[in-house]
Amino acid sequence: MSEILEAEVMKEEENLRVAMLSSDVNSLNKYLAENLIFTNHFGQRLNKSMDLEAHESGSLKITSIELSDQKILLSGQNTAVVSVKANIEGTYSGKPAGGNFTFTRVWSKDTGQWQVIAAHSGTAA
């Protein structure tokens, strides 16, 4: 059973990556929980609407996301913690932005669909 759940979470991680690359706000809306807490690498705490607005307005444009060293920790049937390294390229407010980051995301399946309820990013060497 854990292999099936892990495969589900891996698929959702890939779907999230694709949605971020294309700034697909409809898909991002589906993958991000209403009560999302996201702490970015600047220490800023963002909510779902702030994250979606950055994509919708075009201020955040991601051109490349390369993932590596993904680890998934399952907790029961409805919770997963994902740690992954990401090399991201793009722009923010028209200026080049990106680098190497480590993300931790908490996925929950309480609503019948996997959604990110919490996330944290930090810079990585």
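I started with Glu 53. At 44% relative accessibility, Glu 53 counts as partly exposed, a class lying between buried (under 20% relative accessible area) and exposed (over 50%), with a 1.4 Å probe and protein chains only. I placed Glu 53 in helix H3. Helices (H or I, at least four residues) and strands (E, at least two) are DSSP runs numbered from the N terminus. I also looked up Glu 53 and Val 25, which are 28 residues apart along the chain; their C-alpha atoms are separated by 8.5 Å.

For the record, this is a predicted model, where local features need pLDDT of at least 70, side-chain atom pairs count only at pLDDT 80 or more, and totals for chains, interfaces and linings use all residues. Residues are numbered from 1 along each chain as its sequence is written, and side-chain values use heavy atoms, with hydrogens and water left out.

**His 55 and Ser 23**

Next I took His 55, found in H3 (residues 48-57). His 55 is buried, with a relative accessible area of 5%. I listed what His 55 touches, not counting residues up to four places away in sequence: Met 20, Ser 23, Val 25, Leu 28, Leu 60 and Ile 62. Contact here means heavy atoms within 4.5 Å.

I then went to Ser 23. It lies in the loop between H1 and helix H2 (25-31). Ser 23 follows H1, and its phi is positive, near 50°. The side chains of Ser 23 and His 55 make a polar contact at 3.0 Å. A polar contact is a pair of N or O atoms within 3.5 Å; within protein, one must be able to donate a hydrogen and the other to accept it, and residues adjacent in sequence count only if both atoms are side-chain atoms. I also checked Glu 56, 33 residues from Ser 23 along the chain; the two C-alpha atoms are separated by 6.9 Å.

**Helix H1**

I checked the length of H1 (residues 2-21). At 1.5 Å a residue, its 20 residues should span 28 Å, and the end C-alpha atoms are 29 Å apart, which agrees. The expected span is 1.5 Å times one less than the number of residues.

I listed the buried residues of H1: Leu 5, Val 9, Glu 12, Glu 13, Leu 16, Ala 19 and Met 20. Seen down the axis of H1, they fall within an arc of 125°, so they line one face of the helix. The arc is that of the directions from the helix axis to the C-beta atoms. On the other side of H1, Glu 3 and Lys 11 are exposed.

I looked up the largest pocket. Its volume is about 810 Å³. Of its 34 lining residues, the closest to the centre are Phe 38, Asn 40, His 41, Leu 46 and Leu 60. H3 gives the largest share of this lining, six residues.

On a 1 Å grid over the protein atoms alone, a pocket is an open set of points with protein on both sides within 12 Å along at least five of seven lines; a cavity is a set where a 1.4 Å probe fits but cannot get out; lining residues have an atom within 4 Å of a point. Points are joined across faces, edges and corners, and a volume is the space filled by probe spheres set on them.

I noted the largest cavity too, with a volume of about 60 Å³. Its lining includes Glu 13, Leu 16, Arg 17 and Met 20. H1 supplies the largest share of that lining, four residues.
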